[in-house]
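I opened the model today to look up cavities, charge pairs, a helix and a surface patch. My notes follow in the order of the look-ups.

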Amino acid sequence: MTATPVEAKKRRRKGKYFRGLSPLSYGILLFIAFASFFPFYWMFVVASNGQDVIARVPPAIKPGHNFINEYHAVLEVVPFGRTMLNTVVIALIIAFAQVFFSAMAGFAFAKLSFPGRKFLVVFVVATMMLPSQLGLVPLFMMMDKFNWIDNFKALIVPAIVTAFGVFWMRQVIDAQVPNELLEAAKIDGAGVMRMFRSIIVPVILPSAFVLGLFSFLATWNDYLWPLLILNSPEHYTVQVALTQLNTQAYGIDYNIVMAGSFMATAPLVLLFVFVGRRLVAGVMDGAVKG
Amino acid sequence: MTSTSAVDVDRSKRGRHQRERVKIKSDHPNAKKQKYDKAESRWAFLFISPFYVIFLIFGLAPIIFSVAVSFFNWNPLEEQQTFIGLQNFKDLVIDPIFWISVRNTFSIWFFSTIPQMFMAIGIASILRSPKLRGRVFWQTMLLLPNITSAIAIAVVFGQMFGRDFGIINILLSHINRGPVDWIENTLPSHIAIATMITWRWVGYNSLIFLASMNAISKDLYESADLDGASRFQQFRYVTLPQLKNTITFMVIVGTIGGLQVFAEPATLGGSYDGGTSNQFSTLTLYLFKQVAVNGTYGYAAAIGIGITVLVVIISAINFFITRRISGEGSK
């Protein structure tokens with residue numbers, strides 16, 4: 001209030017809204033970062049301490065030495081290595097298929113002109129609103145008819161292209177590929193296929209990688225459908241194995257369940273260390289703005 | 001003098017925006033009637049067809065078929081299925097567990113969506129400050145919970161919420177509260193499940209809010225500053241109205257996600273009952289139980305249709321509420 005007019009003007013130009021950050025703000029962020037990480041840490045604490053240490057007040061808050069034993073106990077209940085392999089194979093196939101089909105459809109929706117385009121885009125978005133439980137029962141019966149029960153095909157084929165992926169790719173291609181580039185290519189006599197290969201693919205490769213990651217993570221973490229489809233332990237995905245561990249050992253041994261959870265989660269956290277930044281950028285790119 | 005130059009800047013900016021808009025319009029293939037390039041259209045249809053083929057077979061066909069199944073007493077073990085008309089729906093409206101599941105689903109949805117929205121907007125407001133240090137680190141930590149499986153998280157939270165040896169009750173005992181039975185009691189169990197969902201999604205939603213806040217023009221804040229608006233007023237009258245679409249989008253996604261809550265209650269209870277007295281049974285859990293445990297497919301299909309009806313009703317309510325709020329906010 002006592003500031004000279006010049007100073008006041010200066011302050012005004014900077015704007016009240018973007019003033020410096022208070023220690024409280026950093027405190028909040030620190031708490032959230034801690035809360036984000038704590039459950040992972042806790043998984044390992046419980047998994048690596050014996051039953052007696054956990055059921056004690058106050059409980060152990062540091063990792064123990066028992067993890068190897070729990071690890072072997074998990075392997076006795078479910079073939080964990082096998083389920084891990086199953087999950088990686090399924091998730092990779094779906095990720096590649098989704099990126100491929102979504103990029104093609106996204107290209108068509110973003111840059112090609114054809115009758116009914118607007119309606120067909122809206123249709124893609126509208127399908128995202130349908131609750132997936134609605135078709136669950138008949139889809140399961142259909143898989144029965146196809147003889148796809150307990151078969152990876154039942155997980156892979158319905159997931160090779162999703163509305164989310166198509167729409168996401170449409171947004172990305174729309175924003176990242178300049179029309180001038182395509183126009184120039186057209187004038188030079190490039191066909192649609194050529195444009196896709198030589199212009200779209202190189203430009204969107206980083207975003208395609210992010211979509212692939214999202215898809216991979218979604219498949220890795222999917223549980224409801226695999227739980228319904230897969231019956232034999234050698235076909236289990238990681239999440240189904242985890243559910244089995246939980247129902248078989250529930251109330252008896254938290255250490256085993258937590259060891260299994262840790263084993264199912266650690267690879268993703270490790271992956272996240274390397275790709276976390278790109279995932280953050282991907283989430284923000286895909287956000288609905290304004 | 002300063003004021004005129006500000007106006008000039010404003011005008012030139014507006015001019016550029018307009019030009020851009022015009023250009024985009026003329027680029028848009030549907031802007032004017034035009035002849036479609038036949039070869040291009042053919043390629044386009046080829047490119048988009050995989051999605052529609054997959055959707056028709058694995059998305060639309062099952063939905064249509066589910067309506068048919070819901071009219072049958074469908075038993076997977078029998079050859080012939082008996083048509084029972086609306087009996088499944090009649091059973092459904094008087095099924096107490098169905099209504100308990102409806103109540104639980106909404107209660108969990110409320111506790112997981114509403115506080116989370118406030119938290120996410122708050123976190124995004126902190127993250128958008130240009131003076132923030134370590135931005136990438138904070139953003140990455142925020143997204144970390146989102147990559148993990150709901151089951152693993154439900155396992156660890158279930159342990160943390162344990163009655164006797166859970167860390168949360170031990171912490172509560174330090175402030176002379178509890179112990180709370182987070183699993184046997186209805187409301188605490190909903191809060192426990194909502195906590196898992198919030199933990200998993202709040203960072204993700206903060207990033208979405210951050211992205212849409214970053215898209216708000218700085219000019220709006222500058223002019224609000226010139227008008228002497230306080231920091232809170234700027235938030236209330238500039239930021240919040242601009243986030244309208246994001247909030248709507250999030251409520252819709254949150255509702256659809258909320259109706260699909262499954263892993264958390266399934267893991268917390270270790271069965272598909274949702275606790276000993278169904279105190280945290282959700283709609284999807286109940287549907288799943290009909291398929292996997294009871295084998296009553298017709299009834300499960302009827303529950304699926306019930307869920308869809310609820311989605312439609314909520315979306316309609318949501319649509320009207322946001323329309324009213326936005327009508328108020330923009331005027």
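Predicted model: local features only at pLDDT ≥ 70, side-chain atom pairs only at ≥ 80, totals over all residues.

**Entry 1: cavities.** How many cavities of 30 Å³ or more does the structure hold? I find five. The largest cavity has a volume of about 50 Å³. I list its lining from both chains: T243(A), N246(A) and T247(A), then A266(B), T267(B), G270(B), S271(B) and Y272(B). Two elements each give two or more residues to this lining, namely α13 (238-249) of chain A and α12 (263-269) of chain B. Which of them gives the largest share? I note α13(A), with three residues.

**Entry 2: salt bridges.** Side chains of opposite charge can pair when their charged atoms come close. I looked for such pairs over all chains and found two salt bridges.

The pair I took up to begin with is E40(B) with K186(A), at 3.0 Å from N to O. E40(B) sits in helix α2 of chain B and K186(A) in helix α10 (residues 179-187) of chain A, so this pair joins two chains. Is E40(B) buried or exposed? Its relative accessibility is 5%, so I count E40(B) as buried. K186(A) comes out at 36%, so I log K186(A) as partly exposed.

The other pair is K289(B) with D273(B), whose closest N and O atoms are also 3.0 Å apart. K289(B) belongs to helix α13 (residues 283-294) of chain B, and D273(B) to the loop between α12 and α13 of chain B; the pair therefore ties together parts that are 16 residues apart in sequence. K289(B) has 16% relative accessibility and so counts as buried. D273(B) has 32% and so counts as partly exposed.

**Entry 3: chain A and its helix α7.** I count 14 helices and zero strands in chain A. Chain A has 290 residues, and buried ones make up 52% of them. I then went to helix α7 of chain A, residues 136-145. How many of its 10 residues are buried? Eight are, and I log the helix as mostly covered. The buried ones are L136(A), V137(A), P138(A), L139(A), F140(A), M141(A), M142(A) and M143(A). Just after α7(A), I see N147(A) with a positive phi of about 65 degrees.

**Entry 4: surface patch.** Which residues make the nonpolar surface patch of about 330 Å²? I list F146(A) from chain A, with V53(B), L56(B) and I57(B) from chain B. I placed I57(B) in helix α2 (residues 38-69) of chain B. Why does I57(B) count as partly exposed? Its relative accessibility is 35%, and partly exposed covers the range between under 20% for buried and over 50% for exposed.

Technical notes. Residues numbered from 1 in each chain as written. Chains lettered and ligands numbered in written order. Heavy atoms only, no water. Patch = residues over 30% accessible without salt bridge, like charges linked within 9 Å, V, L, I, M, F, W, Y side chains within 5 Å. Areas by Shrake-Rupley, 256 points an atom, 1.4 Å probe, with all protein chains shown as cover. Salt bridge = Lys/Arg side-chain N within 4 Å of Asp/Glu carboxyl O. Helix = DSSP H or I, 4+ residues; strand = E, 2+ residues; numbered from the N terminus. Buried < 20%, exposed > 50% of the residue type's maximum accessible area, 1.4 Å probe, protein only. 1 Å grid on protein atoms, 1.4 Å probe; cavity = no way out; pocket = protein on both sides within 12 Å on 5 of 7 lines; lining within 4 Å. Points joined across faces, edges and corners; volume = space filled by probe spheres on them.
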